[in-house]
Amino acid sequence: MDPYSALRHANFRRYATGNILSIIGMQAQDVAVGWELYERTHSAMALGLVGLVEILPVLLLTFPAGHAADRFDRRRIVLFTQAIAVLCSLALAAISHAHGPVAAYYALLFVGATSRAIRNPAVSSLLPQLVPERDFSNAVTWNSSIFQIGSVAGPALGGLLIGVAKAAAPVYWVAAAFALWHFGFVWALRTVAAARKREEVNWRTLLAGLRFVLQTRIILASITLDMFAVLLGGAATLLPIYAKDILHVGPSGLGWLRAAPSVGAALMAVSVAHRPPMRRAGRTLILAVAGFGVVTVVFGLSRSFWLSMSMLFLLGAVDNISVIVRQSLVQLRTPDHLRGRVSAVNSLFVGASNQLGGFESGAVAQLFGPVASVVAGGVGSILVVAAVACLWPELRNLGTLRE
């Protein structure tokens, strides 16, 4: 077994380098937006509304975007949407400099989320074109690791820049530069678009990916488990409140809190890459998501910065196992002509769990306080694991990811 097989392909290295730059920029920008909104509004609901604004394009565009990824050149779709990301970051910088209205932030977040909703199915289904099938699981693992490394550096960079500049605007300029570099690396990819049948655009073809997921129970089970666990157990939205009002660590501390899950996830991804393929992937997935719920509860109750950091580290580690298993199942068990649409359905589930979970966390925190919101979400995640394990016994019994 070669733990570096995917990295030996030049196309994957270009893809990965551009990806990590984009992620660093986006994660730094997320920190800046969250900090700036809370500084100006002092409202948990203002943070929760970010998730609501960002989920709307996913709900509206998931199926058309998936169909587009199966019909048109995926690389060109990624380039177009990445150009929009550059413009959004530049506009955020201008609004921040001018101390513009809060509504303008939400409008730009909506535009940026729209570009990601269109891009995500294309970028996910582009990955199998960059490496041979035998190296695909390794590529998923490294891609996850790269995402997490970017998610470590991004929040830390965002918090550092805010702390030094005493303003969020420089973060947006950096995010724009990194998004532009990502554009360049995608431009340099050497891919041959697969010949695809020009299907008629109608409800049957738009919903083909959803039908495939509903009929493939093992994929449906893994996506459902991830969606509801993260929907209930997401604490990331409330981290500005924890940093400012509970742990009292300021913007630099917020950057490290945001980075801690990604440190754990990156180390877990490297560990998985160097280990033999999972023999009991289903059991591993269920235990990982249950652990996600447990560490969320402990984090919610913590008043110690270092205990909170440790719990977020573990949260990222166990969540990364879920990501690797789910992404491998979705791509390996889906035929290429459906990969865009199935990836779109996966993006819808993931987007719903992250963005709607953020809105749910903010709304509950507004009513009952941030601690109650996080703890209740962790308990809910554990209950979801028990329900999914009972409803889908084939997930419990899943052996290797290729079975």
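**View 1. Helix 1 and helix 10 are oblique to each other in this predicted model.** The two helices, residues 10-41 for helix 1 and residues 239-246 for helix 10, pack at an angle of about 55°. Their axes lie 9 Å apart, and the crossing of helix 1 and helix 10 is right-handed. On the side of helix 1, the contact is made by Gly34, Tyr38 and Glu39; helix 10 contributes Pro240, Ile241, Lys244 and Asp245.

**View 2. The largest nonpolar core contains 83 residues.** Within this core, the residues that touch the most other members are Tyr172, Leu225, Leu257, Phe299 and Leu395. Helix 13, residues 305-332, gives the most to the core, namely 10 residues. Leu225 may be taken as an example: when residues up to four places away in sequence are not counted, Leu225 touches Leu285, Ile286, Val289, Val384, Val385, Val388 and Leu395.

**View 3. Another core, of 24 residues, lies apart from the largest one.** Among the residues of this other core are Phe12, Leu127, Val131 and Trp142. In soluble globular proteins, nonpolar side chains tend to be buried together.

**View 4. Pro132 is placed in the loop between helix 4 and helix 5.** Helix 4 covers residues 102-126, and helix 5 covers residues 136-165. Pro132 counts as partly exposed because its relative accessibility is 26%, a value between the limits of 20% and 50%. From C-alpha to C-alpha, Pro132 and Phe212 are 23 Å apart in space; in sequence, Pro132 and Phe212 are 80 residues apart.

Conventions
Residues are numbered from 1 along each chain as its sequence is written. This is a predicted model: local features need pLDDT of at least 70, side-chain atom pairs count only at pLDDT 80 or more; totals for chains, interfaces and linings use all residues. Side-chain values use heavy atoms; hydrogens and water are left out. Axes are lines fitted to C-alpha atoms, for helices over the stretch in contact, and angles run from 0 to 180 degrees between N-to-C directions. Helices (H or I, at least four residues) and strands (E, at least two) are DSSP runs, numbered from the N terminus. Angles under 35 degrees count as roughly parallel, over 145 as roughly antiparallel, 65 to 115 as roughly perpendicular and the rest as oblique. A crossing is left-handed if the near helix is turned anticlockwise from the far one by less than a right angle, and right-handed if clockwise. Contact means heavy atoms within 4.5 Å. A nonpolar core is a set of buried Ala, Val, Leu, Ile, Met, Phe, Trp, Tyr and Cys residues joined through side-chain atoms within 4.5 Å. Buried means under 20% relative accessible area, exposed over 50%, partly exposed in between (1.4 Å probe, protein chains only).
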